[in-house]
Amino acid sequence: MADENSPFKYMRYAIGEIVLVVIGILIALQINNWNEDRKTNIKIKKSLVALRNDLIQDTVLIFEKRPFIIEQYELNESLRARVRKPTATVDTLIHLMRHEFNPNWSVQIVSNTIAYNSLNLTGLIENLSDSLTASIKNYYNK
């Protein structure tokens, strides 16, 4: 075409080719973005299922330990009431500490944070709705 002295035809042809290439690239980018979003949504769903399972395990653990915690709390409250009595002496406190108080009664309930930590480390938590993100963070920060 350039040999036939028709530079305008050549320019239109070149611009058309460029436009087609650009459109092709834009379509490919859009498909790639859609595919990445789809993969991210799948990861989020899996993470939320894992988070739900962690919360279920934590709930079961709390209900298993609850009777022991209540029993120890009531014992400590009764000891505290006896120490607060006006008739309580240092000997009363010594007797309670030596024979009745158990300093090792504390039951640690450690939350399962694997799924939460994974959400944070991967940054997927930022893809959740603001209210859900806030609720999850508030729960685990307490």
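1. Let's start with a term: a nonpolar core here is a set of buried Ala, Val, Leu, Ile, Met, Phe, Trp, Tyr and Cys residues joined through side-chain atoms within 4.5 Å. Keep in mind as you read that this is a predicted model.

2. With that term in hand, look at the largest nonpolar core, which has ten residues: Ile44, Leu51, Ala115, Tyr116, Leu119, Leu124, Ile125, Leu128, Ile136 and Tyr140. At least two residues each come from α1 (7-84), α3 and α4. Helix α3 gives the largest share, namely three residues. As general background, nonpolar side chains in soluble globular proteins tend to be buried together.

3. If you set aside its neighbours within four places in sequence, Leu119 is in contact with Ser47, Leu51, Leu124 and Ile125.

4. Now for the aromatics. A pair of aromatic rings is described by the distance of the centres and the angle of the planes. There are two aromatic pairs in the structure. One of them joins Tyr116 and Tyr140 in a stacked arrangement, with 4.4 Å from centre to centre and 10° between the planes. This pair ties together distant parts of the chain: Tyr116 sits in helix α3 (residues 114-122) and Tyr140 in helix α4 (residues 130-141), 24 residues apart.

5. Are these two tyrosines buried or exposed? Tyr116 has 9% relative accessibility, so it counts as buried. Tyr140, with a relative accessible area of 14%, is buried too. Tyr140 also pairs with Tyr139: the ring centres are 4.9 Å apart and the planes are at 90°, so this pair is edge-to-face. Tyr139 itself is partly exposed, because its relative accessible area is 41%. Put together, Tyr116, Tyr139 and Tyr140 make one aromatic cluster.

6. One more ring deserves a look, that of Trp34. Arg38 lies over the face of Trp34, 5.8 Å from the ring centre.

7. Finally, where does Phe101 lie? You'll find Phe101 in the loop between α2 (90-100) and α3. Its relative accessibility is 29%, so Phe101 counts as partly exposed. Beyond its neighbours within four places in sequence, Phe101 is in contact with Asn76, Leu79 and Leu96. For a sense of scale, try the distance from Phe101 to Glu17: the two are 84 residues apart in sequence and 86 Å apart in space, C-alpha to C-alpha.

Methods
Residues numbered from 1 in each chain as written. Predicted model: local features only at pLDDT ≥ 70, side-chain atom pairs only at ≥ 80, totals over all residues. Heavy atoms only, no water. Phe/Tyr/Trp six-rings, centres within 6.5 Å; stacked < 30°, edge-to-face > 60°. Helix = DSSP H or I, 4+ residues; strand = E, 2+ residues; numbered from the N terminus. Buried < 20%, exposed > 50% of the residue type's maximum accessible area, 1.4 Å probe, protein only. Lys NZ or Arg CZ within 6 Å of the ring centre and 35° of its normal. Contact = heavy atoms within 4.5 Å.
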